[in-house]
Amino acid sequence: MNMIRSELKFRDLFPRYATDLYPTVNYSEELCDTLERIRGEIRLLARERHALILAHYYERPEIQETADFVGDSLGLGLKARELLETRPDVKEIWLCAVRFMGDTIKVILGDRVSVFMPEFAGCSLVGSILGIDFDYRTDSAEEISRRLLVEQPRIHPVRKWVDEHPDGLVLSYMNSDLESKALSYAVFTSRNAQKVLEYVMRENPGKPIFMLPDQYLTELVLRRAKIYGSTVIRPELVEIFPGLCHVHKQKISPFVLDEAMANYPEADLLVHPECGCAVDCLIRAETGQLGSRKTFIASTQEMIDYAKRSDTARQFIVATETGHVYTLRKNVPDKQFMPVTPAATCEFMKSTTLDKLFKSMEENNSASYEVNVSEDIRKRALGAIERMLSIT
Ligand code: CIZ
Ligand code: SF4
């Protein structure tokens, strides 16, 4: 999605759309004006550097309002590919997202465009793959992100699976380390997980498949295939990796969703498949346990499209990372969006601040912010990423 930067001033936007989502930030008029001034400086730097700023939907509101393009991970990948063909003037991409999305963009762009990130932020799903345990109550996001960049398992679990299943195919989520993508047949995101799995099973009948890392997302795709009688997806051939996102699993449990439903008895539900409550929600919706409440379990981009076109519901409970609630409110201003809980924030996505973006772009030598990918792994990962982009 091309989110157009708002004409409204930050002081008119953030107190209205963001205050309840960021209880620790006081979006006072003074702070809004300061952020707006920094945005102005960043826009000047972007022009000087022939740079485009891309951001994920889970980023802070001020980052979303500074970027040239805001999207989900698939949208960001497609945007990168489009730039290759249409914007020879662009020399740099500054990406505000998690590192694993940055790797993917770099693989797509190769040497043509330099990719920078103000923060090499991690993701708990990648920690699940690499078998690195964290305590999110005590370990800082910076420390976890740093460990995810340097620590490697002695034997990569995907390599082990590939060695044990010579005819098997790996499908890895966008939020996976680059080695997993390099060992994969195709990458997928929450927007196209079902489509990619269907495509792969149709093209490779009977082959075992390893789908990683988010357990709930995979379970949801398989459960849906059973409920709706898919003639292509054969769940018995799919091995589920037991990875989980700590935000969606721990902070958005069935209990948390029930509490939000009690508070908003009329609201429909927008639920992300990574949530701890997603499969439960699908079953309850299918068996009529949610009454007249409509339930839409989908990716961030699909939530926006659905909320825009829905002509019955006026109120939605949003079960995903809180950054996206801002995006929904901003894009669909005639409807009301409530976070399932304001606690569902991802410290990795939030570790990119406007100040960090400004300081990293301002430095003469931005090399320490550059995303570098060796040519060997780039070549190995490109096929799986391109396959996903071509299926979509
Ligand atoms: O694919 C993405 O960008 C993520 C992480 C979530 C979503 O549903 O879009
Ligand atoms: Fe990773 Fe979860 Fe944060 Fe998304 S919300 S970036 S899956 S830790």
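**Close-up views of two ligand sites**

**View 1. Ligand 2 in its cavity.** The largest cavity is the space taken by ligand 2, a cavity being a set of points on a 1 Å grid over the protein atoms alone where a 1.4 Å probe fits but cannot get out; a molecule sits in one if more than half of its atoms lie within 2 Å of its grid points. Helix H6 (124–130) and helix H12 (246–250) are the elements that give two or more residues to the shell around ligand 2; helices are DSSP runs (H or I, at least four residues) numbered from the N terminus. This is a predicted model in which local features need pLDDT of at least 70 and side-chain atom pairs count only at pLDDT 80 or more, while totals for chains, interfaces and linings use all residues. Residues are numbered from 1 along each chain as its sequence is written, chains are lettered from A and ligands numbered from 1 in the order in which they are written, and side-chain values use heavy atoms, without hydrogens and water.

**View 2. Residues around ligand 2.** Ligand 2 is surrounded by 13 residues, the closest being Cys123, Ser124, Asn175, Cys245 and Cys346 (a heavy atom within 4 Å).

View 3. For Ser190, a polar side-chain atom is 2.7 Å from a ligand 1 oxygen.

View 4. Ligand 1 lies between domain 1 (10–121 + 348–372) and domain 3 (247–339), because both give residues to its shell; the bounds come from an automatic or database domain assignment.

How values were computed
A polar contact is a pair of N or O atoms within 3.5 Å; within protein, one must be able to donate a hydrogen and the other to accept it, and residues adjacent in sequence count only if both atoms are side-chain atoms. On a 1 Å grid over the protein atoms alone, a cavity is a set of points where a 1.4 Å probe fits but cannot get out, and a pocket is an open set with protein on both sides within 12 Å along at least five of seven lines; lining residues have an atom within 4 Å of a point.
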